[in-house]
Amino acid sequence: MNAAEVLEGLSHSEKKVLATLHGLGGRASPDDIFKAGEFQQLVEVMNAASWLQSKGAVDIDESAHKTYCLKDRSLVEKGVPERRALTLISEKEGSLGVKDLEAAMGKEESSMAIGWLMKKKLARLDKSGTEPMLHLSDEGRKYQHEQMLDETLLKKLEVEDLDEGETDKAALDLLRARKGVLQEKLVVSRVLRLNKIGDEIVSMGIELTDEVAQLTPELLQTGKWKGVSFRKYDIRTFAPCQYPAKKHPLTRVADEVRRIFIQMGFTEIDDEYVQPAFWNMDALFTPQDHPARDLQDTFYLKNPSRLPLEDEEVVRRVKAVHENGGDTGSQGWRYAWSREEAERALLRTHTTVNTIKYLAKHPDPPMKVFCISRIFRNESIDMTHLPEFMQIEGFIMEEDASFDMLVSVLKEFYHHMGFDKVRVRPGPFPYTEPSLEVDIYYNGSWMELGGAGVFRPEVTGPLGIKHPVLAWGLGFERLAMLKWNLKDIRELYVTDLDLLRQSPIF
Ligand code: PHE
């Protein structure tokens, strides 16, 4: 960014800091700027400084140094122990018994005092006589009436904290050698420097007008917004990406589908993934030699390999329908129906299994039900196929439900999803008559999106259903692919978040 662009995005306090810094010769600490620029608070300067730094108008030099303050003031009040010992020895003309010192100062203090007297060579310990004696040295005499280095430093620290540079090194070492007297702090000090861009900005002329950074209800209501000048946002300023939690794109599409059906008065259902072939196929009048029942198309389970059929009456009627049409007026498929085949456990191959099981339990109209759920087919994975995917299933059962009604409900649904060109063609399902396939027009061509139809008497008869049932099963992923214009279905199931974030669906 050049200087003019940076200037454009500067806030009021950033401009003020720049101008003040310039006034101070282009080099100053935040504290100096704070004082010279009459800011309200130091943080205002600090914040502006770091923004100016990131915008490239100033450089900030940082240096760390140590400061010292008194942790324990008792040493200042009582004086260092060797001073008290020195005074006591002086009072006795320069020689004092260790015992007398102990009597005067206490055992602990006196031994500390002796230690320091020795270390500073203020006295000599004489153990030759019957009792150990302390004799003042020349050094000791000198300091009788003179402050010692560490005493001087203590006095200064009593008044203010000191930087390492402001203290005498030897005195500091003496004080540091005493436990609990000093506290050391590491302080970082900063100096702002106007750099090349900063200089250019200053020479362009900084105008300090009041600027509004945030539009408030008050500004709007009073109309004051017309008179104020707004601060420009710099949308190129670096800011870290935030990824708060959100729903998976497919979940969002499912929610949209759900909302549409619920608004049209439908109720949502679901069922188990594992089903006996009976409900997935037989009850839907799909003959036992139908190609869709092959291993190539359907996943059968090893364990459990069979699921017992519960309602004997329904089983009997379904068997009859397959073999000779039962009492539905149909001829049936004319083969010997096998219960064993019907008991085979499988992963449901369509959600129509939910529809038929639900109808078997609730044969009385009216009923409007839908389901958005997962199904499984033995497909190899490629751009347009997955072995597990989702269907949008639904049915309407009511007295005068008609094929026309089916077509208009499907059109209505797609219309709500944002697709207006919808057409239907004859379809191939064993359980509906008439059957249809529904296409929607997208990007210049017709895309097949699902199947539907009116359940045949061979399906409704054995369940005791007396009214027409309009049913459909629509592709869910296909719809999502159209929504995001995807060529590859696998893009919908990317689990790597970094990759997902680059995808149009994110
Ligand atoms: N079950 C069919 C499929 O999986 C769709 C369908 C449902 C067709 C209901 C007719 C009636 O493609």
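In this predicted model, Glu458 counts as buried, because its relative accessibility is 6% and buried means under 20% relative accessible area. Glu458 belongs to helix α20, which covers residues 457-460. Its side chain forms a polar contact of 2.9 Å with the side chain of Ser330.

Arg348 is likewise a buried residue, because its relative accessibility is 0%. Arg348 is located in the loop that runs between β12 (345-347) and α18 (352-361). The side chains of Arg348 and Ser373 are joined by a polar contact of 2.6 Å. Met417 has a relative accessible area of 11% and is therefore buried. The loop between α19 (403-416) and β15 (422-426) contains Met417. Between Met417 and Phe266 the separation is 151 residues in sequence, and their C-alpha atoms are 16 Å apart in space.

The ligand is surrounded by 14 residues, of which the closest are His350, Thr352, Arg377, Gln391 and Tyr431. By class, this shell consists of 7 polar, 5 nonpolar and 2 charged residues. Three strands, β14 (388-397), β17 (445-455) and β18 (469-475), each contribute at least two residues to the shell. A nitrogen atom of the ligand lies 2.8 Å from an N or O atom in the side chain of Thr352, and a nitrogen atom of the ligand lies 3.0 Å from an N or O atom in the side chain of His350. For Arg377, an N or O atom of the side chain is 2.9 Å from an oxygen atom of the ligand. On its own the ligand has 320 Å² of accessible area, and the protein covers 92% of this area.

The buried residues in α14 are Pro249, Leu250, Val253, Ala254, Val257, Ile260 and Phe261. Viewed down the axis of α14, the buried residues fall within an arc of 145°, and they therefore line one face of the helix.

In helix α7 (residues 98-105), Val98, Leu101 and Met105 are buried. These buried residues fall within an arc of 55° when seen down the axis of α7, so they line one face of this helix. Lys99 and Ala103 are exposed on the other side of α7.

Several backbone features were also noted. The peptide bond from Asn303 to Pro304 is cis, with omega near 0°. Pro304 is placed in the loop between α15 (277-280) and α16 (312-324). A cis peptide bond also leads from Glu433 to Pro434, where omega is near -5°. Pro434 is part of strand β16, residues 432-442.

Positive phi values occur at Arg334 and Asn443, neither of which is a glycine. In Arg334, phi is near 60°. This residue lies in the loop between α16 and α17 (339-343), and Arg334 is exposed, because its relative accessible area is 58%. In Asn443, phi is about 50°. The loop between β16 and β17 holds Asn443, which has a relative accessible area of 61% and is therefore exposed.

Terms used. Residues numbered from 1 in each chain as written. Predicted model: local features only at pLDDT ≥ 70, side-chain atom pairs only at ≥ 80, totals over all residues. Heavy atoms only, no water. Near = heavy atom within 4 Å. Polar contact = N/O pair within 3.5 Å; in protein donor to acceptor, adjacent residues only side chain to side chain. Areas by Shrake-Rupley, 256 points an atom, 1.4 Å probe, with all protein chains shown as cover. Helix = DSSP H or I, 4+ residues; strand = E, 2+ residues; numbered from the N terminus. Nonpolar A, V, L, I, M, F, W, Y, C, P; charged D, E, K, R; others polar. Buried < 20%, exposed > 50% of the residue type's maximum accessible area, 1.4 Å probe, protein only. Arc of directions from axis to C-beta.
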